[in-house]
Amino acid sequence: MKEFSKLFQTADWKTEKHVPIIDCADEVKAGDLFVATVSVGKEIAHPNTTEHHIRWITVYFQPEEGKFPYEVGHFEFSAHGESAEGPNKGPVYTNHEVALTLKISKPGVMFATAFCNIHGLWQSEKEIKVSN
Ligand SMILES: [Fe+2]
């Protein structure tokens, strides 16, 4: 049986195009809304074609003093040039970037998971501190 830890790959996003990048403040105020952007391929562009694309990103939050992670959001990128005329002939492509607004009351770690249709699951994380 394959270990669960082998399901996810990670690397430096500056050298590996699949790693999701979490952009948000390092410290936020407890209970105040803030924006976080999660994208793939910020430094090295990832393809967005019918044959090869990022299908979804899921974001989780794990509070520092908590046992369980919380799902913050699941974002699907559904259009990749598919068309009745054939692959890559369609008029629309969803870009693999999402901006979400959230608030937290405790410090913790935000995790992002991205799924490439042919290169599997990739993850990254970012610690977020909370001030009162
Ligand atoms: Fe890929």
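Phe34 has Leu102 in strand 7 as its bridge partner. Phe34 belongs to strand 4, residues 34–40, which runs antiparallel to strand 7 and is joined to it by six bridges. Strands here are DSSP runs (E, at least two residues), numbered from the N terminus, and two strands pair if DSSP finds at least two bridges between them.

A word on the source: this is a predicted model, in which local features need pLDDT of at least 70 and side-chain atom pairs count only at pLDDT 80 or more, while totals for chains, interfaces and linings use all residues. Residues are numbered from 1 along each chain as its sequence is written, and side-chain values use heavy atoms, with hydrogens and water left out.

Let us turn to the metal. Which protein donors does the iron ion have? They are His18 (NE2), His46 (NE2), His52 (NE2), Cys116 (SG) and His119 (ND1), at 2.1 to 2.4 Å. Donors are N, O and S atoms within 2.8 Å of the metal (3.2 Å for Na, K and Ca); water is not among the atoms, so sites may look incomplete.

His18 lies in the loop between strands 1 and 2, and His119 in the loop between strand 8 (108–116) and strand 9 (120–131), so the pair ties together parts 101 residues apart in sequence. His18 is buried, at 4% relative accessible area, whereas His119 is partly exposed, at 34%. Buried means under 20%, exposed over 50%, and partly exposed in between, with a 1.4 Å probe and protein chains only.

Notes. Helices (H or I, at least four residues) and strands (E, at least two) are DSSP runs, numbered from the N terminus.
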